[in-house]
Amino acid sequence: MRKVTISDIAKRAGVSKTTVSRVLNSPEKVEESTKKRIEQIMKETDYVPSETARNLSRQASSTIGVIVPEIGNPFFGGLFTGIEEIISENDLSLLYCSNDDDAKKDAEALDMMKTQRVTGVLYVPAVNYPAMGLKNKIQKKITGLGCPAVCIDRDIGLHMDTIHFNDRAAVKDAVLALAAAGHRDIALINGNSLKNILAAERYEGYLEGLKEAGLTEDEALVYQGEYQEFYAYTVTKELLNREKKPTAVITCNNSLGKGYLQAVYERGRPDAFAHITLDKIEMLDLLNIPCDHVLRDSYEMGRTAAKMLVSRIAFPDKKIQNILLDTLLVRETS
């Protein structure tokens with residue numbers, strides 16, 4: 001889609017480009033009714049004036065802060081690429097920080113962003129603050145940053161712009177696909193649903209899928225620990241040693257998917273279970289190994305989140321957005 005320009009805004013408003021520029025840089029020099037008309041058109045067209053962002057950034061710095069759980073995770077690598085493209089277009093710089101899915105480190109990261117007086121923050125919450133009774137506390141901390149913020153990937157109900165994937169539907173679709181293929185015993189390797197909002201949503205999707213498929217949950221097939229390779233590696237070895245094994249396994253992120261694959265290949269049993277993992281595991285393409293997966297386009301999410309933030313910087317009073325992104329189940333083995 002072509003980017004909206006000052007010329008486009010001027011044409012729609014029936015004014016000169018100079019008048020539009022004055023609204024952006026010297027609004028006090030423009031008649032109030034004309035200014036309001038131009039601002040309304042900017043909002044309707046999602047126009048993001050980089051010059052406005054730069055002017056506002058002079059109140060603090062020219063830096064956008066980014067807080068994620070794992071800087072080295074390929075999912076967040078795609079997110080960073082999308083963010084960088086939009087932030088670079090607006091002549092701003094980036095400051096990255098990891099919270100390691102830890103509440104204390106999350107607080108430290110937010111404090112650092114405040115100290116650095118960043119212009120805005122793109123933020124992935126470390127833990128499920130509402131479940132821990134800490135929603136108001138984290139909301140107060142984010143508000144205390146004194147700059148706009150966008151919540152990414154994990155919607156914990158904060159009063160701010162939010163963008164995330166429909167992980168609940170993604171896991172439900174995975175269960176239904178496996179059930180349609182004849183699988184009745186489907187194991188789930190997940191994070192801690194009490195600690196992590198994504199783990200909770202994915203578990204709910206798993207239960208919904210089982211119910212719709214006419215299956216009953218077997219608690220012995222549900223593993224909820226950490227989003228780490230070693231956890232899935234250990235669980236998968238346990239599944240391989242069972243006398244009564246499941247016929248299918250769903251791993252709930254790329255780290256768990258890698259741990260699962262390490263275990264089955266180490267045992268020489270890559271076809272032990274039907275397997276679907278959330279997030280594409282890039283190295284499998286290089287090895288020409290097919291793997292069914294749920295595709296979550298983190299690159300596009302990063303671009304959209306960055307656009308939301310820059311727009312929020314330019315128009316701080318605009319209506320809060322909550323964007324829910326669809327996922328795609330990719331079947332490479334069938």
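Me: How much accessible surface does the protein chain have, and what share of it belongs to carbon and sulfur atoms?
Reply: About 15800 Å², with 49% belonging to carbon and sulfur atoms; such areas come from the Shrake-Rupley method with a 1.4 Å probe, and for residues only the protein chains shown count as cover. Keep in mind that this is a predicted model, where local features need pLDDT of at least 70, side-chain atom pairs count only at pLDDT 80 or more, and totals for chains, interfaces and linings use all residues. Residues are numbered from 1 along each chain as its sequence is written, and side-chain values use heavy atoms, leaving out hydrogens and water.

Me: Why is the pair of Phe80 and Tyr96 called tilted?
Reply: Five aromatic pairs turn up in the whole structure. Rings of Phe, Tyr and Trp (its six-membered ring) pair if their centres lie within 6.5 Å; planes under 30 degrees apart are stacked, over 60 edge-to-face, the rest tilted. Here the centres are 4.4 Å apart and the planes sit at 45 degrees, so tilted it is.

Me: What makes Phe80 buried or exposed?
Reply: Buried means under 20% relative accessible area, exposed over 50%, partly exposed in between (1.4 Å probe, protein chains only). Phe80 has 9%, so Phe80 is buried. Tyr96 comes to 28%, so Tyr96 counts as partly exposed.

Me: And what kind of pair do Tyr203 and Tyr206 form?
Reply: A stacked one, with 20 degrees between the planes and 6.5 Å centre to centre.
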